[in-house]
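Welcome! Take a moment to look over the sequence and the 3D view, and then we will walk through some contacts together.

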Amino acid sequence: MKQDQALRAAFQTLSEIAIIGQLADNALRQVLPEELSVAGFGVLNRFARLGVDGESPTKLARAFQVTKGAMTYTLQQLEALGYVKIEADPGDARGKIVRLTRAGVRAREAAIAQVYPGMKRMLAVVPAHEFAAALPFLTKLRQVLDAARD
């Protein structure tokens, strides 16, 4: 493939991924409980997906590529709902550690249960083996993009 064709294909692929992200966020927003934002769900999902015990607000802000102020706002909402607990960092007197609570785990599980019907409809059109086939490429692309931002 010629370089200009390769660049167009890469750009088109990233454009499709961006559109899919917007559509997925909108679909998620429609099924989440009113009090839980897409950003808040993302935080809950990160803790569950990575299995981390706790992270600093600064690390979370970097991971989501948002300002510390935006992450603080999201974390305050999650804390008010009882989904996370924000504690003093025992290793840094000025720092904080965010931990997922049992209520946060339950809220994430309930949100995922609301997402499953839409996913089942999608799987009726796009077979599971196609998702499985796309996953290695998408994982590699995410890793490349993630490494490039640091």
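## Before we start

A residue counts as buried under 20% relative accessible area, as exposed over 50%, and as partly exposed in between (1.4 Å probe, protein chains only). This is a predicted model, where local features need pLDDT of at least 70 and side-chain atom pairs count only at pLDDT 80 or more, while totals for chains, interfaces and linings use all residues. Residues are numbered from 1 along each chain as its sequence is written, and side-chain values use heavy atoms, with hydrogens and water left out.

Find helix α1 (residues 3-31) and helix α6 (residues 128-149), which pack at an angle of about 95 degrees with their axes 13 Å apart. Helices here are DSSP runs of H or I with at least four residues, strands are E runs of at least two, and both are numbered from the N terminus. Axes are lines fitted to C-alpha atoms, for helices over the stretch in contact, and angles run from 0 to 180 degrees between N-to-C directions. The two helices, α1 and α6, are therefore roughly perpendicular to each other (65 to 115 degrees; under 35 is roughly parallel, over 145 roughly antiparallel and the rest oblique).

Which residues make the contact (heavy atoms within 4.5 Å) between α1 and α6? Helix α1 brings Thr13, Leu14 and Ile17, and helix α6 brings Phe137, Leu138, Leu141 and Leu145.

## A pair of strands

Strands β1 (residues 84-89) and β2 (residues 92-100) run antiparallel and are joined by six bridges; two strands pair if DSSP finds at least two bridges between them. Ala88 has Lys96 in β2 as its bridge partner. The hairpin from β1 to β2 passes through two residues.

## Salt bridges

Side chains of opposite charge can pair when their charged atoms come close. A salt bridge is a side-chain nitrogen of Lys or Arg within 4 Å of a carboxyl oxygen of Asp or Glu, and the structure holds seven of them.

One of them links Arg99 and Glu87 (2.6 Å, N to O). Because Arg99 lies in strand β2 and Glu87 in strand β1, this pair ties together parts that are 12 residues apart in sequence. Arg99 is partly exposed at 21%, and Glu87 is partly exposed at 23%. Another joins Arg46 to Glu55 (2.9 Å, N to O); Arg46 is buried at 14% relative accessibility, and Glu55 is buried at 4%.

Notes:
Contact means heavy atoms within 4.5 Å.
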